[in-house]
Amino acid sequence: MGSGWSSEEERQPLLGPGLGPAPGAAWRSREAAAALPAAAPSPGRVYGRRWLVLLLFSLLGFAQGLVWNTWGPIQNSARQAYGFSSWDIALLVLWGPIGFLPCFAFMWLLDKRGLRITVLLTSFLMVLGTGLRCIPVSDLMLKRRLIHGGQLLNGLAGPTVMNAAPFLSTTWFSADERATATAIASMLSYLGGACAFLVGPLVVPAPNGTAPLLASENSRAHIKDLIETVLYAEFGGVCLLFSATLAYFPPRPPLPPSVAAASQRLSYRRSFCRLLSNLRFLMIALAYAIPLGVFAGWSGVLDLILTPVHVSQVDAGWIGFWSIVGGCVVGIAMARFADFIRGMLKLILLLLFSGATLSSTWFTLTCLNSITHLPLTTVTLYASCILLGVFLNSSIPIFFELFVETVYPVPEGITCGVVTFLSNMFMGVLLFFLTFYHTGRVQASSFH
């Protein structure tokens, strides 16, 4: 995998029977590091417990994505229950990318202290964040501040659950399972965000703006109770995951599963120098960060975006849910395919991005029906949004594998940390401008 991105010298076997690294061999590709002659002894072994480690990490990513996307799908209900403004709703989603500002500290911790310490700190931040949102206070202003603080703490957990998937797969899995493990660990975070589209609108009803004043007050109290039920359920699930991680989450297996896992990596400082001086990596990073960051921010406030075209909160939730679920399923399937077929990463990404371009064009032309006169129906919105999510989200694990192949032996956590930081930067910029535009429209309509 990734052999198309390495030189002929890099694709030569690095180890001879009973020997260390060949003289002058450059450890630039995980595939080259795994290219052992048939007569060479196995460099390590895999353990059955690797699936339990993968499950715990994936569930942690699922919970973090679920908590991050709690408010976007129920933004109309949250406005009535807590008095949130459009800026508040966008800021609750924006705490995710803001939480990536100290991501380089988490990358350093992962590189120096290993997986267990980093994952325990991440899960503890999630416990604090979800617990902060559940503190019962009657003052709505204080309650809103607690909710914002909880979302920020959950956002600080994002760098680990989104960056460490390739590091975990290299540490625990053999070469022919790495892409699959990376896909599962990285996609579960997005699946958590997708389930928020489903859980929120189904549990929390949309407000009824035509009800009499007394009925409206009763409806507001009922909606607030249901939202707090969701918050308590998320807090309980995160506490359970923290307990399981504290009880069992080893930092590494007794023996490495491959030569790549056992090899010496670059230092923290040298890794950044290697990344910033590698033009090929920077080009791939931008190809990942711009479309994926924009789409993540766009899907996080999908209800806010589709409200002007009279799409209900429930329909917007289902559209977001199926777009991300489809991307997760296709992404894992593509990663499994890449484990068997070597050297196909670039072709797979080109096919996926071609589909995403066509889908986004279809969605845009449909929403501009006053100009294009194309029919704006629930079916067209569902189809275009779901296809866009499938094509973009399924490219994430393929990109991660391509990143670590391109800059090996830079540690996987540092590599993916840099690209996800860029992605969240673009997501934050998009959310800011979307909120500014929406607030301006609301104020203009109120003035008229």
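Mentor: Let's start with isoleucine 135, which is partly exposed because its relative accessible area is 34%; buried would mean under 20% and exposed over 50%, with partly exposed in between, using a 1.4 Å probe and protein chains only. Before going on, two notes on the ground rules. This is a predicted model, where local features need pLDDT of at least 70 and side-chain atom pairs count only at pLDDT 80 or more, while totals for chains, interfaces and linings use all residues. Residues are numbered from 1 along each chain as its sequence is written, and side-chain values use heavy atoms, leaving out hydrogens and water.

Trainee: Where does isoleucine 135 lie?

Mentor: In the loop between H6 and helix H7 (140-156). Helices here are DSSP runs of H or I with at least four residues, strands are E runs of at least two, and both are numbered from the N terminus. The C-alpha of isoleucine 135 is 9.8 Å from that of tyrosine 232, although 97 residues separate the two along the chain. Isoleucine 184 counts as partly exposed because its relative accessibility is 22%.

Trainee: On to charges. How many salt bridges are there?

Mentor: The general idea is that side chains of opposite charge can pair when their charged atoms come close. The cut-off is a side-chain nitrogen of Lys or Arg within 4 Å of a carboxyl oxygen of Asp or Glu, and that rule gives two salt bridges. One joins glutamate 177 to arginine 50, with 3.2 Å between the closest N and O atoms. That pair links distant parts of the chain: glutamate 177 is in the loop between helix H9 (165-172) and H10, and arginine 50 is in helix H2, 127 residues apart.

Trainee: Are glutamate 177 and arginine 50 buried or exposed?

Mentor: Glutamate 177 is buried, as its relative accessible area is 17%, and arginine 50 is buried too, at 10%. Then there's glutamate 234 with arginine 133, whose closest N and O atoms are 2.4 Å apart. Glutamate 234 belongs to helix H11 (residues 213-247) and arginine 133 to helix H6 (residues 115-133), so this pair ties together parts 101 residues apart in sequence. Both glutamate 234 and arginine 133 are buried.

Trainee: And the aromatics? How many aromatic pairs does the structure hold?

Mentor: Rings of Phe, Tyr and Trp (its six-membered ring) pair if their centres lie within 6.5 Å; planes under 30 degrees apart are stacked, over 60 edge-to-face, and the rest tilted. The structure holds 16 such pairs. Among them, tryptophan 318 and tryptophan 322 are stacked, at 6.2 Å centre to centre and 15° between the planes. Both lie in helix H16 (residues 313-340), four residues apart, or about one turn of the helix. Phenylalanine 353 and phenylalanine 399 make an edge-to-face pair, because their ring centres are 5.7 Å apart and their planes are at 70°. Here the pair links distant parts of the chain, helix H17 (residues 345-367) for phenylalanine 353 and helix H20 (residues 396-407) for phenylalanine 399, 46 residues apart. Phenylalanine 399 is buried at 3% relative accessibility, whereas phenylalanine 353 is partly exposed at 21%. Phe353 and Phe399 also belong to one aromatic cluster with Phe281, Tyr288, Phe400 and Phe403.
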